[in-house]
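Q: Please take a close look at one part of this model, the packing of its side chains. Describe the contacts first, then the elements around them.

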Amino acid sequence: MPVDVSAEVADPRRDRVGWFQWWPSARLLRAIRSYQRWRPRGWWAWPLRKQALLRVRLWNIVCACDIPVDAQFGRGLMLRHPTGIVIHPQARIGVNCMIFQGATLGAGPRPGAPTLGGHVDVGAGAKILGGVVIGDHAKIGANAVVLCDVPAHATAVGIPARIILPDPPAPPSLSTSQPSPK
């Protein structure tokens, strides 16, 4: 199964924002990373933390989303249309993931917060609730409500989500390429 985007190595091109480009979600993620970079420093870094926190709050308002400053996410995260995205503070998001508008990663019937593997695509309006684990290269359909674990390379659709596993590769043919006689 060919996969173009890696689940382990972050793609740096997904994080770049030009000087005069309007990409609020990337600016929000950059502000969160800036806050996280200055947080473990000493007392002398409080002005930089405060400035980063103000930038996070500004971009949360501009994006109309709720992404806490202590969220753990890998490089290459893309928020295509960040309006309405809600992420639990303890949720873990792998590298090269893509989350569309209205998605929620939050608490649910299972204790804990969701964990997304690498290169997971979360559709618009999807809800991933509780301590579920989403495998690498998985896809969550639009408006799906995921309450159970999703294996790698699988797709989850529906309410509650059904797991659709990928088709296994066809076994190699034992016949030769010679046409059969008639």
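A: Contact is taken to mean heavy atoms within 4.5 Å. The model is predicted, so to read it by definition: local features need pLDDT of at least 70, side-chain atom pairs count only at pLDDT 80 or more, and totals for chains, interfaces and linings use all residues. Residues are numbered from 1 along each chain as its sequence is written, and side-chain values use heavy atoms, with hydrogens and water left out.

I140 touches D121, V122, G123, A126, I128, I134, V146, V150 and A156, when residues up to four places away in sequence are not counted. I140 also belongs to the largest nonpolar core, which has 41 residues; I93, I99, V122, I134 and I140 have the most contacts inside it. Helix 1 and helix 2 each supply at least two residues of this core. A nonpolar core here is a set of buried Ala, Val, Leu, Ile, Met, Phe, Trp, Tyr and Cys residues joined through side-chain atoms within 4.5 Å. Buried means under 20% relative accessible area, exposed over 50%, and partly exposed in between, with a 1.4 Å probe and protein chains only. Helices (H or I, at least four residues) and strands (E, at least two) are DSSP runs numbered from the N terminus. In soluble globular proteins, nonpolar side chains tend to be buried together.

Two further residues have contact lists of their own. N96, in the loop between strand 4 (92-93) and strand 5 (98-99), is buried at 0% relative accessible area. Leaving aside neighbours within four places in sequence, N96 is in contact with V5, S6, V9, A10, D11, R14, R75, G76, L77, H119 and V120. T104 lies in strand 6 (residues 104-106) and counts as buried at 18% relative accessibility. With neighbours within four places again left aside, T104 contacts V86, A126, K127 and I128.

The strands form sheets; two strands pair if DSSP finds at least two bridges between them. An open sheet of four strands has the order 1-4-7-10, with parallel pairing. Strand 1 (72-73) and strand 10 (133-134) stand at its edges with a single partner strand each, so one side of each has no neighbour in the sheet. Strand 4 and strand 7 (residues 115-116) run parallel and are joined by two bridges, and R92 stands opposite T115 in strand 7. An open sheet of six strands has the order 2-5-8-11-13-14 and mixed pairing. Its edges are strand 2 (78-79) and strand 14 (162-164), each with a single partner strand, so one side of each is left without a neighbour. Strand 13 (residues 155-157) pairs with strand 14 in the antiparallel sense over three bridges; the bridge partner of T155 in strand 14 is I164.

A search of the whole structure finds two aromatic pairs. W22 and W59 form a tilted pair, 5.7 Å centre to centre with 55° between the planes. This pair links distant parts of the chain, 37 residues apart: W22 is in the segment before helix 1 (24-38), W59 in helix 2 (residues 46-63). W22 is exposed at 65% relative accessible area, whereas W59 is buried at 14%. W38 and W44 form an edge-to-face pair, 6.1 Å centre to centre with 85° between the planes. W38 is partly exposed at 21%, and W44 counts as partly exposed at 49%. Rings of Phe, Tyr and Trp (its six-membered ring) pair if their centres lie within 6.5 Å; planes under 30 degrees apart count as stacked, over 60 as edge-to-face and the rest as tilted.
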